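Here's a quick briefing to read alongside the sequence and the model. Have both open as you go through the points.

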Amino acid sequence: MTIKRKAYIAGVFEHPTRKADDKSLAQLHAEAASGALADAGLSRADVDGYFCAGDAPGLGGLSMADYMGLQLRHIDTTETGGSSYVIHVGHAAEAIAAGKCNVALITLAGRPRAEGMATGTAPRSYGAAAPDVAFEFPYGPTVVNQYAMAAMRHMHQYGTTSAQLAWIKVAASQHAQHNPHALLREVVTVEEVLQSPIIADPLHRLDCCVITDGGGAIVVTRPEIARSLARPLVPVLGAGEAVKHQAGGRIDLTYTGAVRSGPAAFAEAGVAPADVKYVSIYDSFTITVLITLEDLGFAPKGQGGKLVADGNLVSGVGRLPFNTDGGGLCNNHPANRGGLTKVVEAVRQLRGEAHPRVQVKNCDVALAHGTGGSLATRHGSATVIIGRE
Amino acid sequence: MAGTERTIPGPPVNPETQAFWDAAGRGTLLLKRCIACSERHHYPRASCPFCGSDRTEWTEASGRGTIYSYSVFRRAPVPYAIAYVTLAEGPTMMTNIVDCDLDAIRIGQVVRLTFKPTEGGPPVPMFSPA
């Protein structure tokens with residue numbers, strides 16, 4: 001069975017807040033849901049499938065269905081960190097294709113800034129029962145120094161440079177200047193990235209994504225319902241997911257789960273990397289983008305540095321426009337989970353609703369990719385390819 | 001000689017890993033080896049992550065290894081080096097590189113095992129330049 005063209009993204013919403021001192025977590029989820037449903041021209045009463053992940057409060061899907069008064073016949077709380085919502089799009093399409101629901105709602109929200117969370121720089125433990133914790137937590141693994149080890153190895157093995165990584169941030173900043181909601185709207189140069197303080201060798205402060213409150217939501221629905229609505233038609237063409245882990249100690253930090261999620265999505269969609277006009281790539285750090293683009297087939301392994309350099313990711317300038325909202329590096333990384341906003345900007349591009357200065361011409365095939373967890377230990381990779389009719 | 005003044009949180013010990021941490025207390029690094037497929041793995045599990053067999057045994061590691069990757073965390077109050085070290089026996093493990101000039105650490109460097117005390121737990125295996 002394939003999901004190709006069996007489900008459509010009918011509504012998307014990115015919460016405009018970047019610091020939500022005056023809102024509760026459940027409230028942010030619900031506001032995001034209302035935004036995406038209004039965008040689609042649907043209401044809460046139409047929702048019969050609900051998807052959320054570890055950022056949802058309480059008992060997750062149960063608590064939020066209760067809060068929003070949803071009447072559900074399908075629920076999916078797949079948790080793969082920041083890539084969860086990209087996986088949810090694929091799962092929603094599967095559920096719709098199988099007749100398990102008609103209108104699937106996916107929500108994300110969080111308030112790490114309001115709560116003063118040391119997101120990237122404090123060692124994170126997922127509890128004493130996690131089988132890995134005793135063998136990792138004593139060594140001070142933070143989000144930054146783990147991704148930094150992947151960057152360090154890539155540089156050692158392939159000669160990737162800090163300047164090449166910096167180009168990824170530069171491209172994101174070129175796009176973010178046009179986004180009034182972006183946390184960081186200032187255009188930066190390669191030199192400014194390289195002169196920003198080192199957080200964990202070789203990653204500088206400006207190699208790291210922003211920390212923001214907020215959220216977003218996506219509505220996926222059946223083709224017949226999508227055609228009855230007033231919005232442009234955005235079919236789901238293909239989806240792939242993968243989990244990469246430490247493989248019992250056979251560590252290889254030079255690739256991600258995208259080596260499996262990408263080909264699966266391309267095969268289902270029946271397209272190749274050369275057909276893709278726009279990419280949303282999870283950008284927790286610059287290195288995340290570079291390795292992912294290689295793994296998805298946009299550059300041979302080890303050659304990602306050349307792909308991302310010299311403005312090649314800048315819309316209207318380079319050959320592979322990426323993250324035209326400014327991405328996690330400049331715009332928004334709500335709840336420390338950037339997968340949902342990746343899908344949102346890809347939908348804007350396909351609808352022709354991106355900012356005119358970054359809108360890709362004739363954008364008919366777009367790819368959104370999420371990476372959740374840690375590049376250095378265990379992560380979930382998710383790729384969706386979407387189109388327009 | 002930076003990197004050792006940091007307070008190291010004690011690892012939580014459970015029945016599955018008790019033997020590993022008892023050995024660590026004696027200055028020995030243990031690896032799990034699968035009796036069915038002969039492969040060694042880390043972190044240690046009761047069942048083999050390669051073939052699924054629950055016939056696993058503890059074996060002693062030589063304590064020799066090379067640095068696969070590392071990063072010095074400059075933002076910390078006391079900068080320290082996190083690393084993956086590939087053991088002579090095969091598996092690669094997360095660790096810290098200690099008792100050395102943090103700026104002189106390199107991928108491929110040969111390192112040897114040492115143990116460092118933790119707060120409220122058994123000592124943990126770390127590595128320093130050989």
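Between chain B and chain A, 18 residue pairs are in polar contact, both residues at pLDDT 80 or more. A polar contact here is a pair of N or O atoms within 3.5 Å; within protein, one must be able to donate a hydrogen and the other to accept it, and residues adjacent in sequence count only if both atoms are side-chain atoms. Keep in mind that this is a predicted model: local features need pLDDT of at least 70, side-chain atom pairs count only at pLDDT 80 or more, and totals for chains, interfaces and linings use all residues. As for bookkeeping, residues are numbered from 1 along each chain as its sequence is written, chains are lettered from A and ligands numbered from 1 in the order in which they are written, and side-chain values use heavy atoms, with hydrogens and water left out.

**The side of chain B that touches chain A**

- Helix 1 (18-25), strand 2 (40-41), strand 4 (64-73), strand 5 (80-87), strand 6 (92-97) and strand 8 (124-129) of chain B each put at least two residues into this side. Helices (H or I, at least four residues) and strands (E, at least two) are DSSP runs, numbered from the N terminus.
- Strand 4 of chain B gives the most, with six residues.
- Sorted by class, this side of chain B has 25 nonpolar, eight polar and six charged residues. For the classes, Ala, Val, Leu, Ile, Met, Phe, Trp, Tyr, Cys and Pro count as nonpolar, Asp, Glu, Lys and Arg as charged, and the others, Gly among them, as polar.

**Interface totals**

- In contact terms (heavy atoms within 4.5 Å), 39 residues of chain B meet 38 residues of chain A.
- The two chains, B and A, bury about 3200 Å² between them, and 64% of that is on carbon and sulfur atoms. Buried area is the accessible area (1.4 Å probe) that two parts lose on being put together, summed over both.

**Salt bridges across the interface**

- Chain B and chain A share two salt bridges, a salt bridge being a side-chain nitrogen of Lys or Arg within 4 Å of a carboxyl oxygen of Asp or Glu.
- One of them pairs A:R250 with B:E39, with the closest N and O atoms 2.8 Å apart.
- Both partners are partly exposed: A:R250 has 47% relative accessibility, and B:E39 has 34%. The cut-offs are under 20% relative accessible area for buried, over 50% for exposed and in between for partly exposed (1.4 Å probe, protein chains only).

**Salt bridges within chain A**

- Over all chains, a search of the whole structure turns up 26 salt bridges.
- A:K342 and A:D283 join through their side chains at 3.2 Å, N to O. A:K342 sits in helix 12 (residues 339-351) and A:D283 in the loop between strand 9 (278-281) and helix 9 (286-295) of chain A, so this pair ties together parts 59 residues apart in sequence.
- Both ends of that pair are buried, A:K342 at 2% relative accessibility and A:D283 at 0%.
- A:K301 and A:D295 form another salt bridge, at 2.8 Å from N to O. Here A:K301 is partly exposed at 32%, whereas A:D295 is buried at 7%.
- A:E14, A:R18, A:E345 and A:R348 are joined into one network by salt bridges that share partners.

**Chain A overall**

- Chain A has 12 helices and 11 strands.
- Its radius of gyration is 19 Å, close to the 21 Å from the globule rule for 389 residues, so chain A is as compact as a globular protein of that length. That radius is taken over C-alpha atoms, and the rule is 2.2 Å times the number of residues to the power 0.38.
- The C-alpha trace of chain A spans about 55 × 50 × 40 Å along its principal axes.
- Of the 389 residues in chain A, 64% are buried.
- Among contacts in chain A between residues at least 6 apart in sequence, 75% join residues at least 24 apart.

- A:T341, in helix 12 of chain A, is buried at 1% relative accessible area. Neighbours within four places in sequence aside, A:T341 contacts A:E14, A:D325, A:N332 and A:P334.
- A:S261 belongs to helix 8 of chain A and is buried at 0%. Outside the four places either way in sequence, the contacts of A:S261 include A:G240, A:H369 and A:T383.
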